Amino acid sequence: MSNVLQYFKEQIRYLPVAYNMSRYNTKSATMSNRFGRVWEILDPLFQLGIFYLLFGILMKRVIPGGYPVLPWMFIGLGVWGLMQKTIVSGALTTYNQLRMASVMKFPVSILPTSAFFGFLSEFWIMITAGLIGAVYNGFIPSLHLLQVIYYFFALVIFSVSTSLLNATIMIVFPDLKFFLNYSFRFLMFMSGAVFSMRQFNQIPQFLLQAVMINPFYYLIEGFRDAIFGTQWFWEVDPSIILSFWAITSFILLLGTQLHYNIRERISDFL
């Protein structure tokens, strides 16, 4: 538990450093482009346009419950994209930026957190587009929208904790990046980001239940509940809530334990 407390103290103390690192990395990645950081806005907008063409016009998909397809998908892809990019990119931060941390004298535990900040703009664009689309289709925002605060907090804890764990494992097992890429290709379809798992009758009940206790599924559906005004977060099946926080707590405890155990020897591994 002391490792968890130390981890949070470092995140709070060095939060401005993590944020500035994120801005620097984003700027350096886009400075060679003609439009520069404008691509932070254009990229998600192009994604929205592609999904509108595929699923809104060509496929004319129907979502169980009568939700409009495009806002439903925008919300799911926004939440999914932030988690996927934070975890995959964050796993590489310690491996790739250890020298910067040693020169600038900040704890390497904030490196995965800096990756999270880098994808926030795209996330909020997707969520805002989903909200606008929901309003356009007659879903007037209600007090349920306030629980975006709760789900965003849960999203931060889960994404950053998982990123820290993977970044630590990556130091001793660099091949992890390949397993992450393969896993996320599969999880995208099993997390409810683009398909409602309830519409596939051929899926066995035990597998459907396993999907529903998936932390990705919990967070994606939670943001949809908030924007479409479906239900409050305490009305979700208690087993799903407990599963999410149990998994997240385990990842946080394991990630901090491993990180502080090998922190002093990271340079030896690399």
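**Helix packing around helix 11**

In this predicted model, helix 1 (residues 2–13) packs against helix 11 at an angle of about 85°, their axes 9 Å apart.

Reader: Is helix 1 roughly parallel or roughly perpendicular to helix 11?
Author: The two helices pack at about 85°. Angles of 65 to 115 degrees count as roughly perpendicular. Helix 1 is therefore, relative to helix 11, roughly perpendicular.

Reader: How many charged residues are in the contact of helix 1 with helix 11?
Author: Helix 1 brings Asn3, Val4, Gln6, Tyr7, Phe8 and Glu10. Helix 11 meets them with Leu252, Leu253, Thr256, Gln257 and Tyr260. The contact holds 6 nonpolar and 4 polar residues, and the number charged is 1.

Reader: What is the handedness of the crossing where helix 7 passes helix 11?
Author: Helix 7 spans residues 148–172, and helix 11 spans residues 238–262. Their axes lie 8 Å apart, at an angle of about 40°. The crossing is left-handed.

Reader: Does Ser163 count as buried or exposed, and why?
Author: Ser163 lies in helix 7. Beyond its neighbours within four places in sequence, Ser163 contacts Thr86, Ile87, Gly90, Ala91 and Pro112. The cut-off for buried is under 20% relative accessible area. Ser163 has 0% relative accessibility, so it counts as buried.

Definitions and conventions. Residues are numbered from 1 along each chain as its sequence is written. This is a predicted model: local features need pLDDT of at least 70, side-chain atom pairs count only at pLDDT 80 or more; totals for chains, interfaces and linings use all residues. Side-chain values use heavy atoms; hydrogens and water are left out. Helices (H or I, at least four residues) and strands (E, at least two) are DSSP runs, numbered from the N terminus. Buried means under 20% relative accessible area, exposed over 50%, partly exposed in between (1.4 Å probe, protein chains only). Contact means heavy atoms within 4.5 Å. Axes are lines fitted to C-alpha atoms, for helices over the stretch in contact, and angles run from 0 to 180 degrees between N-to-C directions. A crossing is left-handed if the near helix is turned anticlockwise from the far one by less than a right angle, and right-handed if clockwise. Angles under 35 degrees count as roughly parallel, over 145 as roughly antiparallel, 65 to 115 as roughly perpendicular and the rest as oblique. Ala, Val, Leu, Ile, Met, Phe, Trp, Tyr, Cys and Pro count as nonpolar, Asp, Glu, Lys and Arg as charged, and the others, Gly among them, as polar.
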